[in-house]
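Subject: Handing over the structure

Hi,

Here is the structure I promised to pass on to you. Have a look at it first, and then read on for my notes.

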Amino acid sequence: MTDYDLFSPAFKANPFPTFAALREHEPIYAHTAPDGRTIWYVTRYEDVAAVLRDGDRFGKDPRHAQPAAADVPHRRAPAGRPQQSINQNMLFSDPPDHTRLRALVSQAFTPRRVLAMSDRIHETAEQLIDRMQRDDQRDVIAAYALPLPVIVISDMLGIPAADRDAVAVWSQAIISPGSRGLNYSARKRNVRAFMEYLRDLFARRQADPQDDLITALVQAETGGQRLSESELFSMVALLLVTGHETTVNLIGNGALALWQAPSQQERLQADAALWPTAVEELLRYDGPVETSTSRWVRADTEFGGRVMRRGDLMRAVIASANRDFDQFDRPDELDVGRSDNRHLAFGLGTHYCLGAPLARLEAVIALESLFRRLPRARPVLPPLAWRSGVLFRGLRALPVRYE
Ligand code: HEM
């Protein structure tokens with residue numbers, strides 16, 4: 001059995017040849033973690049789709065796969081720690097908890113509310129590009145791709161503009177552990193400060209409702225039930241984290257892919273109506289989420305001819321599924337007009353991305369504005385610094401040259 005490198009910087013720089021080899025030789029690959037637990041990497045399109053759809057066998061809440069996964073510290077912190085409130089969100093829940101939480105947030109996160117953000121996203125994109133030019137900022141990630149989704153989700157939530165910078169600092173602390181270098185006590189302090197701030201904001205919105213997402217979340221009700229304070233906190237945290245971790249990568253990876261494929265860029269310059277299909281193609285070709293969040297095997301089972309034990313961990317490799325020859329014609333080519341494109345960039349099944357309509361709207365506006373305003377921008381390559389970690393695929397920085 002071959003040992004595949006799934007963690008080194010060289011792998012992160014270009015994981016696609018490794019994924020192609022896995023799909024061909026070991027499509028359901030068992031990796032043994034340092035603590036002895038088995039982690040299954042599933043890389044073919046059909047299998048990735050099957051795992052994401054099968055919440056009965058492959059659950060999200062580790063408590064449903066005890067004993068082996070019962071005490072995984074980064075998933076479930078001991079009671080009373082701030083981290084606990086963060087992880088009690090719908091992404092780490094199974095039905096019926098998940099069903100109730102998703103129904104409540106869906107009442108607040110409506111298509112109308114997303115569409116209403118359109119002008120604000122345009123305005124923000126233009127302002128950020130003005131600032132890039134004025135201050136001669138050259139890193140597309142720091143100056144554009146990161147602030148845009150953070151401003152948009154903060155606005156949608158109804159966080160007052162004056163508090164936005166403080167919230168950005170606090171929310172660094174709830175972003176996936178270690179990703180932006182905060183130690184444990186600084187993290188804890190920031191999470192506490194953020195919880196206090198939000199508790200006060202929830203109370204203010206309860207007393208004086210506004211037309212914003214926090215008010216809608218506070219008021220959402222199903223079957224006579226509302227979100228508890230800690231559920232509200234983790235919901236807001238989840239929405240902020242996804243703003244920080246995903247759309248930024250779609251804008252960054254997407255801009256890079258287009259700069260590396262001048263013929264595709266020319267097609268978009270000739271026909272701006274292609275932007276929505278281009279964004280779908282960028283999601284498929286080099287999407288923000290490399291591997292789905294963890295699934296836990298809930299009972300001993302067999303999948304694709306392999307025997308899995310209760311408590312084993314499943315990783316559905318979305319980036320690999322999206323390059324599978326059995327599903328896509330010429331999968332390693334970027335084609336901004338691709339028509340048959342059932343990519344899995346937003347997942348599938350019960351946990352299908354809640355923010356997909358917002359992410360699509362943001363990416364179309366952000367990329368269209370960037371390429372229209374800076375038509376001669378070019379990335380300064382190499383080297384490219386990709387972020388570490390198994391979940392996301394994104395650049396730490398994307399320096400560009402422009403006039
Ligand atoms: C291009 C940007 C984005 C991508 C590629 C993306 C991708 C994903 C994926 C793959 C999942 C499922 C994870 C799994 O099953 O393990 C997911 C779930 C989720 N996403 Fe997104 N996402 C994006 C943007 C957003 C935004 C902007 C928001 C909200 C503001 C958001 C909110 C969520 C939520 C709340 C869930 C959990 C849904 C549930 O458990 O039912 N996402 N996303």
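Predicted model: local features only at pLDDT ≥ 70, side-chain atom pairs only at ≥ 80, totals over all residues.

**Around the ligand**

The ligand has 26 residues around it, and the closest are Thr-246, Gly-347, Cys-353, Gly-355 and Ala-359. Two elements, α13 (229–259) and α17 (356–373), each give two or more residues to this shell. The top contributor is α13, with 7 residues. Sorted by class, the shell holds 15 nonpolar residues, 10 polar ones and 1 charged one.

**The nonpolar core**

Helix α13 comes up again in the largest nonpolar core. This core has 100 residues, and the members that touch the most others are Val-48, Leu-217, Val-236 and Ile-251. The largest share of the core, 13 residues, is supplied by α13.

Leaving out neighbours within four places in sequence, Leu-217 is in contact with Val-105, Ala-108, Leu-227, Leu-232 and Met-235.

**The sheet**

Next, look for an open sheet of 5 strands, in the order β1-β2-β7-β4-β3 and with mixed pairing. At its edges are β1 (28–32) and β3 (58–59), each of which pairs on one side only.

How does β7 pair with β2 (residues 38–42), and over how many bridges? The two strands run parallel and are joined by 4 bridges. Within this pairing, Ile-39 has Leu-313 as its bridge partner, and Trp-40 has Met-314. With β4 (residues 295–297), β7 pairs in the antiparallel sense over 2 bridges. There, Arg-295 stands opposite Met-314.

In a regular strand, side chains alternate between the two faces of the sheet. In β7, Leu-313 and Arg-315 lie on one side and Met-314 and Ala-316 on the other. These four residues are all buried, which leaves both faces of the strand covered.

Leu-52 belongs to helix α3 (residues 45–53). Is Leu-52 buried or exposed? It has 23 other C-beta atoms within 10 Å, so Leu-52 counts as buried. Although Leu-52 and Met-314 are 262 residues apart along the chain, their C-alpha atoms are separated by 9.9 Å. Not counting residues up to four places away in sequence, Leu-52 touches Ser-292, Ala-316, Gly-347, Leu-348 and Gly-349. You have met two of these already: Ala-316 is in β7, and Gly-347 is among the closest residues to the ligand.

**Two helices to compare for yourself**

Helix α9 (residues 147–157) is largely enclosed by the rest of the structure, because 8 of its 11 residues are buried. The buried ones are Leu-148, Pro-149, Ile-151, Val-152, Ile-153, Ser-154, Met-156 and Leu-157. Just after this helix, Gly-158 takes a positive phi of about 100°.

Helix α11 (residues 184–207) has 24 residues. From its first C-alpha to its last it reaches 35 Å, close to the 34 Å expected at 1.5 Å a residue. Its buried residues are Val-191, Phe-194, Met-195, Leu-198 and Leu-201. An α-helix has 3.6 residues a turn, so residues three or four places apart point the same way.

**Backbone details worth a look**

- The peptide bond from Pro-95 to Pro-96 is cis, with omega near 5°. Pro-96 sits in the loop between α4 (82–87) and α5 (97–108).
- Pro-382 and Pro-383 are also joined by a cis peptide bond, with omega about -5°. Pro-383 is in the loop between β8 (378–379) and β9 (400–401).
- Asp-136 is not a glycine, yet its phi is positive, near 55°. This residue lies in the loop between α7 (118–134) and α8 (140–145).
- With 9 other C-beta atoms within 10 Å, Arg-330 is exposed.

Happy exploring, and do write back with any questions.

Best wishes

Note on methods. Residues numbered from 1 in each chain as written. Near = placed C-beta within 6 Å. Nonpolar A, V, L, I, M, F, W, Y, C, P; charged D, E, K, R; others polar. Expected span 1.5 Å × (residues − 1). Buried ≥ 20, exposed ≤ 12 C-beta atoms within 10 Å, placed from the backbone. Pairing = 2+ DSSP bridges. Core = buried A, V, L, I, M, F, W, Y, C linked by C-beta atoms within 7 Å. Contact = placed C-beta atoms within 7 Å.
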